[in-house]
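Have a look at it first, and then we'll start with a pair of strands.

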There are 2 protein chains.
Amino acid sequence: MVDFIADYYNKIETYPVLGQVQPGYLRTRLPDTAPYCPEPFETILNDVKNDIIPGMTHWLSPNFFAFFPANVSSAAFLGEMLCTAFNSVGFNWLASPAATELEMVVMDWLANILKLPKSFMFSGTGGGVMQNTTSESILVTLIAARDRTVDVVGVENMRKLVVYGSDQTHSTYTKAAKLAGIHPRSIRAIPTTADTGFALSPVLLRRVIEADVAAGLVPLYLCATVGTTSTTAVDALERLTDLAKDYGVWVHVDAAYGGSACICPEFRHHLDGVERVDSLSLSPHKWLLSYFLDCCCLWVKNPGLLVKALSTNPEYLRNKPSDSDLVVDYKDWQGFIKSDPRFEIVVPRRFSLVCFRLNPFSWSGLGYTELLNRKLLEWVNSTGRAYMTRTIVGGVYMLRFAVGATLTEERHVIAAWKLINEGADTLLKGSFYAV
Amino acid sequence: MVDFIADYYNKIETYPVLGQVQPGYLRTRLPDTAPYCPEPFETILNDVKNDIIPGMTHWLSPNFFAFFPANVSSAAFLGEMLCTAFNSVGFNWLASPAATELEMVVMDWLANILKLPKSFMFSGTGGGVMQNTTSESILVTLIAARDRTVDVVGVENMRKLVVYGSDQTHSTYTKAAKLAGIHPRSIRAIPTTADTGFALSPVLLRRVIEADVAAGLVPLYLCATVGTTSTTAVDALERLTDLAKDYGVWVHVDAAYGGSACICPEFRHHLDGVERVDSLSLSPHKWLLSYFLDCCCLWVKNPGLLVKALSTNPEYLRNKPSDSDLVVDYKDWQGFIKSDPRFEIVVPRRFSLVCFRLNPFSWSGLGYTELLNRKLLEWVNSTGRAYMTRTIVGGVYMLRFAVGATLTEERHVIAAWKLINEGADTLLKGSFYAV
């Protein structure tokens, strides 16, 4: 595969940049159903060569001058390989501490290079996060702004919320606003002209906002752009944020394209005024030599507002099993549990997950049994020799043992079962009663 | 890197499964600012070994029995490498025809293997798409359902919309509902018990829906689960969809975990009733040996509703430059255009994009000039030797020449300029007037 990719990059200039195929071309070349038998690697690479490459638009071609070209590097490729190999999911800190911590460190590094104020850094009072795309960055900040404002004006006034941009703001803004429940009629695209270099005019913006306020509407969010898609126009952040402050409007800066350039001292002035905005996003795949995948950097001044808007409602969760669960399942493993009267299977096994608990004493109440199983889980996980989670369903605290990792063999399940027994023995041998 | 990854997989069993570090450990080990000078590859790999791996939770460890374990394979790894290398963005068909077409073919293949009805296939009347996550699949279908219903009941009744699930539905559902503007009070989590194996009770659901309707609320969306996270419970699709139909509720099936198993005949009955649901998603990274990245398959019966809800509003777009633009920019290139009186730079260059047009005749109106430039763009792009896009700003149609691909050298820009000239010569030499 490494050789194939190297060849592709070597030959990329010889391919037509724009795919020269007709709609539907691929369906006629591939079978109607997935192949039942595996095929040799060479056959698959030949299919890629003959059927896929001719239908591609070659974003990395040196003759690609469309949209904004892509920037990549060998270093980025190696990084992608490593990330893929680790297959980490950092949905919370414990799910992979290094993933969260590295993201935090690197987002601060990049903020530093851009000379962002401390209010956007973890080492200050803010913080950064990688989003998949600019659309996502706009969506999550818009929702944080929406919920902040709805808390004040009441949900019954949600349809009075108005968002602002110019007629040069990326169309993804309209999409994000629609997703957030802003009516298309409440999305203001202020016209621009050559006089301002197609930048958003603060004078016009003030007039539009004033008219909206006079009409009883609620100004919510402004998306300013550093480097518009059409012509790389730059909106004047300083004047726009002055104005936005007067109306309590959340200001987001979409610097997807222009942001990276601001690392250079001669371009940094395009970010003047950034200390007064609420959030800023840029796409390293535009100029910072990284691949496209999931690579939009978003900094926010008040991460608490994002968390408040995006975390699932704690009140609601109180009536719901915690999602950071732990359960158990495996055909033979189910046999193990059944053979040990100290344990019980709480929910019949259906797929490859077993939900069980340690419940050795007929006299013990739910609270005692839960405490015992919490201790057991903590004991097992702290050894680093196996990792399980837990859940509470129907009021019963239980352990989740989920089998299915590619490398898991029967011996790993057996060893885990022994470990769980060792834990149960230790806990039941007295010291636990003191807890 | 290949060797490093192979070593990691070989040694993975020797690492503690759960990261054994304290919050903040990495910040103390890494410098406060990004390294100014490059470092040798070996140094970086040593950092990964010493600072990153000890802080990881090893999702691919055979001793990982938490959440749901990850499934990967060498084939998937090679596929990830190839996708990364191509760096394609398929935001529309032309942006990379093979990307869109392959996704369509493979989604039909997988629908076929799952014995989904034709109403979910491109070869039938529906279609499938890869989303990043289950959250995204729920979000986009919920928004499609929301907009469909709001069209009927009016935007002023949006806060009357109610969505349904069980207390076992994944917490991402609450998040998606909040993003879509559904008030947390309007998210119904029907309690489950051991009697139904913690599946959603159709009897209870009907009671809750009837009470909501009686209170003047509007039932909108039901998320049924095939394989809940806590205990792999399966909601009874047949009875739930019967009920949902009575109230015009959109039914989505979250089969993230259980869906893959339904490929096996002995599990397929868990999808009985799927022919009556509106949408279904499953995560191949749970059991189908693929890596985590951006891998949730979503099928919908009425793709038109998704497109309607998610595409940017055409009316609004009419007052906005089309986003599938074309522009131009490069320092030397700007010199080229200035040297040829037939061309003009329309917007001053700011970053690495030049916006220009062919405008040879002082007497020609905007309409004629636009037609001329449309023809020129078509001529250039159809050669396959270069790819540019276009935009309309301030009413002026112009070409976008964006420089910046990693492999682009000065010679490519010069060749593209010659090509543009060749096109202009051809068009102006007479045949164009006949168009």
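Predicted model: local features only at pLDDT ≥ 70, side-chain atom pairs only at ≥ 80, totals over all residues.

In chain A, β1(A) and strand β7 (residues 296-300) run antiparallel and are joined by five bridges.

Residues are numbered from 1 along each chain as its sequence is written, chains are lettered from A and ligands numbered from 1 in the order in which they are written, and side-chain values use heavy atoms, with hydrogens and water left out.

Now zoom out to the sheet in chain A. It is an open one of seven strands with mixed pairing, in the order β1-β7-β6-β5-β4-β2-β3. At its edges stand β1 (127-131) and β3 (187-190) of chain A, each with a single partner strand, so one side of each has no neighbour in the sheet. On average, neighbouring strands are turned by 20° against each other, direction ignored. As a general point, the strands of a sheet pair through backbone hydrogen bonds, either parallel or antiparallel.

Next, hop over to chain B, where four strands make an open sheet with antiparallel pairing, in the order β8-β9-β11-β10. Which strands sit at the edges of this one? They are β8 (343-347) and β10 (389-393) of chain B, each with a single partner strand, so one side of each is left without a neighbour in the sheet. From one strand to the next, the twist averages 45°.

Inside that sheet, β9 (residues 353-358) and β11 (residues 396-402) of chain B pair in the antiparallel sense over four bridges, and B:F356 has B:L399 in β11(B) as its bridge partner. Helices join in here too. Helix α14 (residues 366-382) of chain B lies across β8, β9, β10 and β11 of chain B and runs at about 30° to β11(B). Helix α15 (residues 410-428) of chain B packs on the sheet as well, touching β8, β9 and β11 of chain B, and its direction makes about 115° with that of β8(B).

Back in chain A, let's see how two helices meet. The axes of α6 (residues 134-153) and α7 (residues 172-179) of chain A come within 9 Å and cross at roughly 40°. Axes are lines fitted to C-alpha atoms (for helices over the stretch in contact), with angles from 0 to 180 degrees between N-to-C directions. α6(A) and α7(A) are therefore oblique to each other; angles under 35 degrees count as roughly parallel, over 145 as roughly antiparallel, 65 to 115 as roughly perpendicular and the rest as oblique. On the α6(A) side, A:S135, A:I138, A:L139 and A:L142 make the contact (heavy atoms within 4.5 Å), and they meet A:T172, A:Y173, A:A176, A:A177 and A:L179 of α7(A).

Notes:
Pairing = 2+ DSSP bridges.
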